[in-house]
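Have the model open as you read.

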Amino acid sequence: MRLLILAVAALMAVSVFAPAPVQAVEPDEVLEDPALEARARELSKDLRCLVCRNESIDESNAELARDLRVLVRERLVAGDSDREAMDFIVDRYGEYVLLRPAASGANWMLWAAGPLMLLAALGVGVFYVRGRARAPKAAEQSLSPEEQERLRKILED
């Protein structure tokens, strides 16, 4: 019972002190239409800040992230669909701007490289361990009489 109370208290402490997601969207960027603003926020979560690297433009305070947020909103206000707005930004900034690039085209090699390298490393490890198990064990050799005499002289000095 005591352990359960401690676990619940720890969980509550973690939930209270855990950092909340940060939103960097400034009030002057927010669209008046709540539906368009919601779409813009969803798109912003999938776009990488080119300054901060692994942060979405929705979370970043960098000037370039702000420019991208404004650009997304401009495209949506102009009547673009979500796909058209994303395609426009990808055409302009490259696929690197996507936090989760598509696993198609040449990118499939990047997506597959990690698992393939893991399998290759496991294969090498298995062959190494099997080879060591099958290798003939070197017989322990005792010292020759000359070596024993030399060792005795070294230890006496």
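Arginine 100 is exposed, with a relative accessible area of 61% (exposed means over 50%, buried under 20% and partly exposed in between, using a 1.4 Å probe and protein chains only). Before going further, a word on where this comes from: it's a predicted model, so local features need pLDDT of at least 70 and side-chain atom pairs count only at pLDDT 80 or more, while totals for chains, interfaces and linings use all residues. Residues are numbered from 1 along each chain as its sequence is written, and side-chain values use heavy atoms, with hydrogens and water left out.

So what does arginine 100 pair up with? Its partner is aspartate 46, in a salt bridge whose closest N and O atoms are 2.3 Å apart (a salt bridge being a side-chain nitrogen of Lys or Arg within 4 Å of a carboxyl oxygen of Asp or Glu). This pair ties together distant parts of the chain: aspartate 46 sits in the loop between α2 and α3, arginine 100 in the loop between α4 and α5 (107–134), and 54 residues separate them. Helices here are DSSP runs of H or I with at least four residues, strands are runs of E with at least two, and both are numbered from the N terminus. Aspartate 46, at 27% relative accessibility, counts as partly exposed.

The whole structure has 10 salt bridges. Another one that reaches across the chain joins aspartate 82 and arginine 39, at 2.7 Å from N to O. Here aspartate 82 belongs to helix α4 (residues 82–93) and arginine 39 to helix α2, 43 residues apart. Both ends are partly exposed, aspartate 82 at 31% and arginine 39 at 29%.

Now look for a local pair in helix α2, where lysine 45 and glutamate 42 are three residues apart and so separated by about one helical turn. Their side chains meet in a salt bridge of 3.6 Å, N to O. Lysine 45 is partly exposed at 40%, and glutamate 42 is partly exposed at 48%. Elsewhere, Glu37, Arg41, Asp58 and Arg73 are linked in a network of salt bridges.

Back to the loop between α2 (34–45) and α3 (63–77), where you'll also find arginine 48. This residue is buried yet has no salt bridge, and the nearest side chain of opposite charge, glutamate 95, is 9.2 Å away. (For charge, Lys and Arg count as positive and Asp and Glu as negative; His and the chain ends are not counted.) What does the side chain of arginine 48 have instead by way of a polar contact? It joins the side chain of asparagine 54 at 3.0 Å. A polar contact is a pair of N or O atoms within 3.5 Å; within protein, one must be able to donate a hydrogen and the other to accept it, and residues adjacent in sequence count only if both atoms are side-chain atoms. Beyond neighbours within four places in sequence, the contacts of arginine 48 include Leu68, Tyr96 and Leu98 (contact means heavy atoms within 4.5 Å).

Finally, the cysteines. Cysteine 49 is buried at 0%, whereas cysteine 52 is partly exposed at 32%. The search of the whole structure finds zero disulfides.

Note on methods
Lys, Arg positive; Asp, Glu negative; His and termini not counted. Disulfide = S-S within 2.5 Å.
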